[in-house]
Amino acid sequence: MASREVFFQTLRRALGKAPGVDLTPPGPDSVALTEKASAIRERSPATLASLSEAFVARAQLVGWHVSRVPSKEAAAAAVVNLALARGMKHVVRSAHALLDRVPVHEALASAGLEVKVVAYDDEDPQGSRAALREVMLHADAGLTGADYAIAETGSIVLLPRRGVSRIVSLLPPVHIALVETSQVLESLDDLFLLRTEEFLRTGSLRGYMSIITGPSRTADIEQTLVVGVHGPREVHLVLIEEEFP
Amino acid sequence: MPEVKTAEFPRLSRQSLADPQVQSSLRRLSHFIEAREAAVAEVGEQEWQRLRDQGRRIKEHAIAHLDYYLELAADNVVKAGGNVCFARDAREACDYVLKVAQARRARTVIKSKSMVSEETGINTVLESHGIRPVETDLGEYIIQLAGETPFHIVAPALHKSKEEVADLFVQKLNVQRKESITELTAIARAALREIFVQADIGMTGANFVVAETGTVVIVTNEGNGRMSTSLPRVHIALMGMERVVPRLEDMAVFLRLLPRSATGQRLTSYTTFVTGPRRDDEEDGPDEFHLVILDNGRSRMLADEALREALYCIRCGAWVYGGPIGAVVTPILAGLPQARHLPFASTLCGACREVCPVKINIPHLLLTLRSRVTQGPPADRHASWLERIAARAWQYVVTTPWAFGLAGRAAAILQLPLLRRGRLRWLPQPLNAWTRTRDFPRVAFRPFRARWSRIADQHPREKT
Amino acid sequence: MKAALFVTCLVDQLFPNVGEAAVKVLRHLNVEVAFPRDQTCCGQPALNSGLRYEATAVARRFLKVFEGSEYIVCPSGSCTSLVRLFYADLLSEDPHLKAQAGLLASRTYEFSEFITGVLKVTDIGARLEARVAYHDSCHSLRELGISRGPRDLIKAVQDVELVELPHHDVCCGFGGTFSIRYPEISSAILRDKVDNILKSGARILTATDSGCLMHINGALTRSGGQVEVLHLAELLARGLERADA
């Protein structure tokens, strides 16, 4: 097994460098970064409204079915309609904070659907994880919130953590994501800026981040586009555009 | 194994071009070319050039300080709870992967498309130890089922028609025959699902690795990259050591360049950022994370001023394997004598340089490689004595005007029996490679140098 | 104005008419044309085959042959690009020769480039009734950036109709020794090129490189089509003859 030292010896010889570090790249200017990050967090309703327009237009182009709703209640209703129209029976959802504020769980349940929430049991993490996976594999749809949405690319961003699974948005054939206007970012630059800011502030990055841009797709057989190869074939966005107080 | 593939390239290229399935698939690919052009046009030419320059500068910087950024990346992976292996060659990388797999008593490894994994030949190694590697990219899955080596001019399963895929699925998966591409995809989805959920290890490549945070970035459309990094208990990421970029914010540049250049998408369906194993407060994800950083000839490229640029390559899309930049990278990784044909498999038309998202001067790199093959250091060289004598003879003729003239006259006379209506429709070996499909013009009976004495003393017309 | 003509080995031995036509056009534009008798080849076939030593020897000799020439004009974008972009590198071991190669590069012009760039002429006073298609030779277009010049020259010929070929900037598949090493790929690319030419309805196909024209014509003559292949110099020279008549 090559030791790290031998590897770097070869590498530095190839670079024509002496051993040791010869570069101290200027670190990101954390003051400027913090300022930019707060500027993004404090965008005006007008800015957010125009970003939402751009986001919706782009999201539709990359394959999201978008519903725009004026309230949380309307969002719940939209999800229920969608589920009933497709004859869904089982829905699995993540425990995004947004999904606690939107009465979607109750609405689905009272419409006769079975709704499972992702949250493992601290007593038996292995067992509950296996059980949840089983649920997800057989669910008709996965329901999630989003941590960000990106207007530039029509994507949503998910940061898995307690209650937020990596795979609720992946295993079921349909993915439904609830997004609020305030979550829409202008660009990839903004996303990475916010992530970098968090990284510098907390000293670590979370284990996982998914940028999701439309359905799962492939063109590997005869270069013909097919959706839903490993991930969902149908993806829905419910954008909640509430009036700001 | 890449060696076999590259050494057989001339024969394979001949076979596949004769295959009508490949021909029609190649034509369908023009769809991708158009999508790419549209995606670039949408950004605007000026902005696109700015992005390319920016991407190029980041790569230049990262490669010039590769030692620094690799250490930083490795330290951050470890800080995030992951393990790092520095592998000098394919064998060391395979040894490490095998060791991890055996320690976990793994029986199945699911793989998301990775060029480095092909480069190392890890599948063969795993199989020989009773561990089953399963490719999950649909194209690669089909090829693996068929027991073939992917012939990557453009896409792994380029040469398979949907009927062939249907037959293959019936034969190997024991399913009812379906003909539509959607149904075939659904069969693969179901078959791979079963393997995904019970696999012990997920193995992926790394499109980029962010040094600042120790993050592996994986770009896929199918979702197999997400599956491989979410379901199994262990995730092993293989990266060529040139894949490191300094900062997270650099990803904004490369995520704009890569999908547009590859498939003409604004962004691929899934862009996945993995930083170490699952955190304690996460619902799912692997308990273990390993990053294998592979040299395998890259430091040779790095040491070579004329070739270093090839390391800036971000491998945009599946087709690069057999495409021009593959012709640059493969010979260096496989060793030139093995892959000596590849640098010659290009017209040097320069179109690749125009579309390269990081502005690599591919045709000039290919010229350099050609000279390494014919006259480079002994380890790279591959030229027969006959070729060497021919080269010297050619040099003598073109640096000796009377000999040049004489050679022309000799050719003009020798061609006489072959001339048909002022053209040559057949020529002997090796020139018949030309005349099989094309006429060759006749050698002039009076070359320009002979005509010059007649026209030399005429003068420019007088201006009136 | 004086200029030395470097006809290239291909034109010398296979297409001497192109050389004569170039002389005719240049003289018509009041250029005193010289033909250094010791010229042979620029070294392209060698470098293309990876024969760097041989190419370097040829480059060294080329420098000597064209030492005293104020301008060097060459009816090939490919050979011009070799002299201009590669000689300094080939001769880089000798600083004196390298410097000379740099100067040579600045004095060497492709035929159309010399007319439009140095002589600053686009209308040479020619006339030709024909539908003409222009093929962008790769090295002219992508190594030297020649695209408008030849088109301007063609358009300025009275009664000419210039048609743009679909994919006019795509390679014809020649690539020097590539055409023999990989005849199948080369011919497949050529087939597309020829199809496009035949479909365009052009009666004359022109370009700035005899290499590409030789390749394209090799398939055109077997296609049964009625397209005549002329180097740009030949096209312009014929236009001058018609204008005089």
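In this predicted model, 63 residues of chain A are in contact with 67 residues of chain B, where contact means that the C-beta atoms of two residues, placed from the backbone, lie within 7 Å. Elements that give two or more residues to chain A's side are α1 (4-15), α7 (125-138), α8 (188-202), β9 (208-212) and β10 (217-218) of chain A. Helices (H or I, at least four residues) and strands (E, at least two) are DSSP runs, numbered from the N terminus. The most comes from α1(A), with 9 residues.

Between these two chains, β9(A) pairs with strand β9 (residues 270-274) of chain B in the antiparallel sense, over 5 bridges; two strands pair if DSSP finds at least two bridges between them. Tyr208(A) has Val274(B) as its bridge partner in β9(B).

Chain B also holds an open, antiparallel sheet of 3 strands in the order β11-β12-β13. Its edge strands, β11 (419-420) and β13 (440-441) of chain B, each pair on one side only. Strand β12 (residues 423-424) of chain B is joined to β13(B) by 2 bridges, and Arg423(B) has Pro441(B) as its bridge partner there.

In chain C, the buried residues of α4(C) include Arg52(C), Val58(C) and Phe62(C). A residue is buried if 20 or more other C-beta atoms lie within 10 Å of its own, with C-beta atoms placed from the backbone. Their cover includes α18 (362-375) and α19 (385-398) of chain B, together with α3 (44-48) and α6 (87-90) of chain C.

Residues are numbered from 1 along each chain as its sequence is written, and chains are lettered from A and ligands numbered from 1 in the order in which they are written. Local features need pLDDT of at least 70 and side-chain atom pairs count only at pLDDT 80 or more, while totals for chains, interfaces and linings use all residues.

Key. A residue is buried if 20 or more other C-beta atoms lie within 10 Å of its own, exposed if 12 or fewer, and partly exposed in between; C-beta atoms are placed from the backbone.
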